[in-house]
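Please work through each task before reading its solution.

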Amino acid sequence: MLCLKCETNPGWIQSALNNLESVLIDHAHCEKKAAATGLSLLSTYPEKMEINMKMADLVEEEIDHYRSVLKFIEKRNIQFTRDTGDPYVKELLTHLHNNEPERLLDRLLTAGIIEARSCERLQLLAENISDPELKSFYQALSSSEAGHYVTFIKLAKLYFPEEKVNRRLDELTNIEREIVVSLPDHPTMHG
Ligand SMILES: [Fe+2]
Ligand SMILES: [Fe+2]
């Protein structure tokens, strides 16, 4: 569960398994946006070398995930379509502070929370899907996203006092729980 305060709604996994094409398309967009988040962070805070280095690694990994999901889409003759948006992430990001340095803390923590939720969903897919190829793919990706969660929390603790990080993580995970329970069980990575 990493830092998360609730499990995914039980209806989500069935919705996802029944609409695997939609999940794959949305998943590809999520990986691309995860890479974009890494690029945005290293562009906004170039003076923070640890952010530069860790985000350079993360961008590479997320693009690698993106390429892998695209290969599944291509192999299965699925028509790749435009990103229809992610209401979960959109709502979560409305809770960021506007002023620095609080904004940096919030950006690192929300990125970590999104990684944690993605890790949980990928694990659910790995456990419930019968397709052996996708099962091992989701399993591997889930571990990778867990590692990204740890990276973001470590970065937060490098630049902010641990107590402040824990307090804000507690607030943001409460907000995330409210978002997760209120969302319909759409066949997308974040529902
Ligand atoms: Fe990823
Ligand atoms: Fe990730």
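**Exercise 1.** Determine what share of the contacts in the chain with a separation of 6 or more is accounted for by residues 24 or more positions apart.

*Solution.* Residues 24 or more positions apart make up 78% of these contacts, a contact being two residues whose C-beta atoms, placed from the backbone, lie within 7 Å. The model is predicted: local features need pLDDT of at least 70, side-chain atom pairs count only at pLDDT 80 or more, and totals for chains, interfaces and linings use all residues. Residues are numbered from 1 along each chain as its sequence is written, while chains are lettered from A and ligands numbered from 1 in the order in which they are written.

**Exercise 2.** Identify the residues of the largest nonpolar core that touch the most other members.

*Solution.* Step one: a nonpolar core is a set of buried Ala, Val, Leu, Ile, Met, Phe, Trp, Tyr and Cys residues joined through C-beta atoms within 7 Å; buried means 20 or more other C-beta atoms within 10 Å of the residue's own, exposed 12 or fewer, and partly exposed in between. Step two: among the 33 residues of this core, Leu 105, Leu 108, Leu 109, Phe 152 and Ala 156 touch the most other members. Step three: H5 (102-128) is one of the elements giving two or more residues, and its eleven residues are the largest contribution. Step four: beyond four places in sequence, Leu 108 touches Phe 152, Leu 155 and Ala 156.

**Exercise 3.** Is Lys 75 buried or exposed?

*Solution.* Lys 75 belongs to helix H3 (residues 49-75), helices being DSSP runs of H or I with at least four residues, numbered from the N terminus. Lys 75 is exposed because 9 other C-beta atoms lie within 10 Å.
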